[in-house]
Amino acid sequence: MGWLLIDSPGIGNGPCKKKCKHLDCADARAEAARSCRICGYPIGYDTKFYWERNEESPKNTIVHFVCMWTEEELRRAWGRVPTHSETVKAMARGK
Ligand SMILES: [Zn+2]
Ligand SMILES: [Zn+2]
């Protein structure tokens, strides 16, 4: 599945810079405000992210592309899924 990106407010497909009543803008703002499953920070604008569709959990989760990438690299290197704190530490170390 491909990554997504929300343009910054006022640019491209991004929401309006000022408060507005457009449904699309409200959706974009809500999506940008959601927290990444891995690092816990908001998804934000102009940043690649994924929606994860989880079979175990009915809730779809959202992750930054870089966070997901780091988790995937660790998983390959270690042969198991890293914990949340291991992934966050690896990101703080390296990238
Ligand atoms: Zn708008
Ligand atoms: Zn993240």
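A residue counts as buried if 20 or more other C-beta atoms lie within 10 Å of its own, as exposed if 12 or fewer do, and as partly exposed in between. Keep that rule in mind for this tour of a predicted model.

**Stop 1: Asp-46**

Select Asp-46. Is this residue buried, exposed or partly exposed? Asp-46 has 13 other C-beta atoms within 10 Å, so it is partly exposed. Now look at where it sits. Asp-46 belongs to the loop between helix H1 (23-33) and strand E1. Check its backbone too. The phi of Asp-46 is positive, about 55 degrees, although the residue is not a glycine.

**Stop 2: the whole chain**

Zoom out and show the cartoon. Count 3 helices and 2 strands. Trace them along the sequence, and the pattern reads α-β-β-α-α. Along the principal axes, the C-alpha atoms fill a box of roughly 45 × 30 × 20 Å. How much of the chain is buried? Of its 95 residues, 16% count as buried. Next, think about contacts between residues at least 6 apart in sequence. Of these, 39% join residues at least 24 apart.

**Stop 3: Phe-49**

Move on to strand E1 (residues 49-52) and select Phe-49, which lies in it. Here 22 other C-beta atoms lie within 10 Å, so Phe-49 is buried. Which residues does Phe-49 touch, not counting those up to four places away in sequence? Highlight Trp-3, Leu-4, Ile-43, Ile-62, Val-63, His-64 and Phe-65. Phe-49 and Pro-15 are 34 residues apart in sequence, and their C-alpha atoms are 17 Å apart in space.

**Stop 4**

Remember Cys-67 for the next stop.

**Stop 5: helix H2**

Select residues 65-78. This is helix H2, with 14 residues. From first C-alpha to last it reaches 20 Å, close to the 20 Å expected at 1.5 Å a residue. Which residues of H2 are buried? They are Cys-67, Thr-70 and Glu-71. Turn the view to look down the axis of H2. The buried residues fall within an arc of 95 degrees, so they line one face of the helix. An α-helix has 3.6 residues a turn, so residues three or four places apart point the same way. What does this buried set pack against? Show strand E2 (61-64) and helix H3 (84-93), its packing partners. Then step past the end of H2 to Gly-79. This residue follows H2, and its phi is positive, near 75 degrees.

**Stop 6: where H2 meets H3**

Show H2 and H3 together. Their axes come within 9 Å and cross at roughly 105 degrees. Angles of 65 to 115 degrees count as roughly perpendicular, so H2 is roughly perpendicular to H3. Which residues make the contact? From H2, select Cys-67, Thr-70, Glu-71 and Leu-74.

**Stop 7: Glu-86**

Finish on Glu-86, in helix H3. Is Glu-86 buried, exposed or partly exposed? It has 15 C-beta neighbours inside 10 Å, so Glu-86 counts as partly exposed. Last, pick Val-66. Glu-86 and Val-66 are 20 residues apart along the chain, and 14 Å separates their C-alpha atoms.

Definitions and conventions:
Residues are numbered from 1 along each chain as its sequence is written. Chains are lettered from A and ligands numbered from 1 in the order in which they are written. This is a predicted model: local features need pLDDT of at least 70, side-chain atom pairs count only at pLDDT 80 or more; totals for chains, interfaces and linings use all residues. Helices (H or I, at least four residues) and strands (E, at least two) are DSSP runs, numbered from the N terminus. The expected span of a helix is 1.5 Å times one less than its number of residues. The arc is that of the directions from the helix axis to the C-beta atoms. Two residues are in contact if their C-beta atoms, placed from the backbone, lie within 7 Å. Axes are lines fitted to C-alpha atoms, for helices over the stretch in contact, and angles run from 0 to 180 degrees between N-to-C directions. Angles under 35 degrees count as roughly parallel, over 145 as roughly antiparallel, 65 to 115 as roughly perpendicular and the rest as oblique.
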